[in-house]
Amino acid sequence: MINNSYYSQDVHGPYELHDIGNLELEEGGTIRNCQLAYATFGTLNAAKDNAILIPTWYSGTNKIIEQVYIGNGRALDPAKYFIVIVNQIGGGLSTSPHNTPPPAGMGNFPHVRIGDDVRAQHKLVTEKFGLKSFALVVGGSMGAQQTYEWAVRYPDMVKRAAPIAGTARNTIHDFLFTETLVEAITSDPGFSKGFYTSSAEVREGLLRHAKMFSAMDPNDLLCMAWKWQRGDVSRLTGGDLRAALGRIKAKIFVMPMSSDMFFPPADCQAEWRLIPDAEFRPIQTIDGHLALFGADPDALSQLDKHLGELLSTKI
């Protein structure tokens, strides 16, 4: 285990931890006493029908989502909704390679799938909050992958869904692009096959990966990248993407970023055509995938408008 002050309440809090018990993984193996870090905003009503779930994206935590997307008078308004942000496994706050005791942590941490995250989140929200439905599941990038997984895996539970800048099945070109991020880390001699003693030993690899990630744990980033590359809801239908997306009962707005090179609008549009009663709502921005981080105020206003319309749709 490594103590990394970046993954702390001071930086990303306040958040709470919930132990969902042992999580058996799709790729084999088990995460024992799997801890999910989550943050909530607003109040769950008596009918328990005002809940919104937001899964996190690659390297992102509940804090940036709170800062960029949640606020009074906005579409994701805590005065109206009970909003739950769940940090994905491997993201550094929930159970991750760097905070798992030996011998299961660090380079020995097992492969995790998007489906594992969603099953773990389902256990959290049903056991902790007694939820039987979501008014909305919304997420960007890897959060969009989880949003699709939720809508396909639990179609009766998801009333509305908004995958932003992400796909239901990852493409070959995105897999290869992500591989360059992986190799930037693993090619650093200090990586030591995942058994370094400090993230600083992998500093050069982290800087090649992306300068903004230099404070983060290399194994955590690799855990997320592995499942990002393999996100695929058609695993639930024997590889048939049309059949998988045909399971969706939610009213869904598909919202790519117009200039996104990770998840180009054409990739998202091809999937949108396979979803019953879906709407295609691209976000116009020159900031590409980074518009998710709040760099473009106009993109955020477009997102708020679309999410507001989606939430007002009668189900």
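Biologist: Which residues form one aromatic cluster with Trp228?
Modeller: In this predicted model, Trp228 forms one aromatic cluster together with Tyr58, Phe177, Phe213, Phe262 and Phe263.

Biologist: And how many aromatic pairs does the structure hold?
Modeller: There are 14 aromatic pairs. One of them is edge-to-face, because the rings of tyrosine 38 and phenylalanine 129 have their planes at 85°, with their centres 5.8 Å apart.

Biologist: Where do tyrosine 38 and phenylalanine 129 sit in the chain?
Modeller: Tyrosine 38 belongs to strand E4 (residues 35-41) and phenylalanine 129 to helix H3 (residues 114-129), so that the pair links distant parts of the chain, 91 residues apart.

Biologist: Are those two buried or exposed?
Modeller: Tyrosine 38 and phenylalanine 129 are both buried.

Biologist: Switching to strand E5, how many of its residues are buried?
Modeller: Five of the five residues of E5 (residues 51-55) are buried, so the strand is largely enclosed by the rest of the structure. Ala51, Leu53 and Pro55 point one way from E5, while Ile52 and Ile54 point the other way.

Biologist: Which bridge partners does isoleucine 52 have in E6 and in E7?
Modeller: In E6 the partner is isoleucine 83, and in E7 it is leucine 136. E5 pairs in the parallel sense with E6 (residues 82-86) over five bridges, and E5 also runs parallel to E7 (residues 136-140), to which two bridges join it.

Biologist: What does the chain pass through from E5 to E6?
Modeller: It crosses through helix H2 (residues 62-69), and this β-α-β crossover is right-handed.

How values were computed
Residues numbered from 1 in each chain as written. Predicted model: local features only at pLDDT ≥ 70, side-chain atom pairs only at ≥ 80, totals over all residues. Heavy atoms only, no water. Phe/Tyr/Trp six-rings, centres within 6.5 Å; stacked < 30°, edge-to-face > 60°. Helix = DSSP H or I, 4+ residues; strand = E, 2+ residues; numbered from the N terminus. Buried < 20%, exposed > 50% of the residue type's maximum accessible area, 1.4 Å probe, protein only. Pairing = 2+ DSSP bridges. Right-handed = clockwise from strand over helix to strand, strands pointing away.
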